[in-house]
Amino acid sequence: MRNMKITGIVLFCLMLGGCAVLSFVLPKKQYSDMENRSLETKPEWSVSDFLSGEYQEHYEAYLNDQMFLRDRWVGLAAAMERMAGKKEVNGVYLGKDGYLLEKYGEADFDDAQVRENIRILSSFLNDAVKNYGKSNVCCLLVPDKSDAMSDKLPKYAGTGIKKVKAAVSGLADSLDEPGILLDLRTELSGHGDEYIYYRSDHHWTTLGAYYAYCAWAAQTGHTAGKLSDYRREVIFDDFYGTTYNKAHSKVPADSVEIFHHPNQDGVKIDIDDGETVSDSFYFPNAAVEGFNRYNVFLSKNTAMIQITTKAGTGRSLLLVKDSYANCFVPFLAGDYDQILMVDCRYGKQNVRDLLAEHDEITDVMVMYQANKFMQDTDLKALDGEAKQMETFDADSFFDE
């Protein structure tokens, strides 16, 4: 028995030492597809960082990130948690029918940030209504998967739905024209038995975006094509997305579908002022470069994308958005001659200044996933007060 214990200890030490040696000698990874994040690189040594403890902290993170077979160890740890009967792993609920759903509790929302975001967005939308008319302004809030498909949640799973509902209600109360706000929860919940969200990713599917387009068209007087008007093509069937990368829980792979329509013919996509130019909304090559198959829609999130179509409607749209709009915007190809997509997370230009520069704009749309909107810290790009502060000239003021 004593020899067996000694053998076990020796084997463990050899395995640990071997992993450590391999972690040092093997090429270092810059990015983890499984976790969808950049990995820590070896920090540069300096006396000040060493004395402050910052060097040691970064070096420890570097060793953790570059551990040999790290993804396997992370996956093994998640599997052990599942075997222990856990229904939640690393902030992700292990739901029914293979659905992985991000966990949101009331503590995940900062009340002060939510109030500030409501103030900024309502002010922006109220000014847009004054400038463009209420029939030409719309705000779409997309529910989280756990809200739209609550039947997929495990029993007794907590959600932050009360705070989300309160925030949506607060935004509506702050609008001069509450009718411009379209809360898509009811629309999408009515299709909760369909494939409207990916199982392994937080995004909605193209089918979910289509139903949102129909709801938007009905509210704004546009005409949405029937589902049968689109030629549907499954372009990937091996997608494992962001929630999978958090939970490492094996579920069936997702499929990514494209909806083709003649309205999309002849489009021109200009990403970041000519950095990338294309004649299609779809970028399959960008989607296969990493794990994120959702990048087939417009290739990535970025500050600005300009879209020109052959709609011939005489209308142009400013679309302030997050990533949910990337698979939604192809449905708008028949409604607008030009679409200017702006993502406040990546650009520093004030959106109000942008509107002033583009006098061809006739319509304004804001689209955010509701939970992410509540947590967003980049909405200052919409803020009229921030714009005033940026242009405030203290010297001129005191000269007066």
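What covers the buried residues of helix H9 includes strand E6 (137-142), strand E7 (181-183), helix H8 (185-189), strand E8 (231-239), strand E9 (254-260) and strand E15 (363-369), where contact means heavy atoms within 4.5 Å. This is a predicted model, in which local features need pLDDT of at least 70 and side-chain atom pairs count only at pLDDT 80 or more, while totals for chains, interfaces and linings use all residues. Residues are numbered from 1 along each chain as its sequence is written, and side-chain values use heavy atoms, with hydrogens and water left out.

Let us stay with H9 for a moment. Helices (H or I, at least four residues) and strands (E, at least two) are DSSP runs, numbered from the N terminus. H9 spans residues 206-220, and its 15 residues reach 21 Å from the first C-alpha to the last, close to the 21 Å expected at 1.5 Å a residue; that expected span is 1.5 Å times one less than the number of residues. Eleven of the 15 residues are buried, so H9 is largely enclosed by the rest of the structure. Buried means under 20% relative accessible area, exposed over 50%, and partly exposed in between (1.4 Å probe, protein chains only). Among the buried residues of H9 are Leu207, Tyr210, Tyr213 and Trp216. Just after the helix, Gly221 takes a positive phi of about 85°.

Now to the cores. The largest nonpolar core has 60 residues, and Trp204, Trp216, Phe328 and Leu332 touch the most other members. H9 gives the largest share of this core, nine residues. A second, separate core of 41 residues includes Ile118, Val164, Leu318 and Leu340. Such a core is a set of buried Ala, Val, Leu, Ile, Met, Phe, Trp, Tyr and Cys residues joined through side-chain atoms within 4.5 Å.

The structure holds 22 aromatic pairs. Rings of Phe, Tyr and Trp (its six-membered ring) pair if their centres lie within 6.5 Å; planes under 30 degrees apart count as stacked, over 60 as edge-to-face and the rest as tilted.

| Pair | Centre to centre | Angle between planes | Geometry |
|---|---|---|---|
| Tyr195 and Tyr198 | 6.3 Å | 85° | edge-to-face |
| Tyr198 and Phe239 | 5.3 Å | 85° | edge-to-face |

One aromatic cluster includes Trp204, Tyr210, Trp216, Phe259 and Phe328. Elsewhere, Arg293 lies over the face of Phe236, at 5.2 Å from the ring centre; a charge sits over a ring if NZ of Lys or CZ of Arg is within 6 Å of the ring centre and within 35 degrees of the ring normal.

Finally, the strands. E8 and E9 pair in the antiparallel sense over six bridges, and two strands pair if DSSP finds at least two bridges between them. Arg232 stands opposite Phe259 in E9, and six of the seven residues of E9 are buried. An open sheet of three strands has the order E3-E4-E5, with antiparallel pairing. Strand E3 (88-89) and strand E5 (100-102) stand at the edges, each with a single partner strand, so one side of each is left without a neighbour in the sheet. Two bridges join E3 to strand E4 (residues 92-94), and Val92 in E4 is the bridge partner of Val89.
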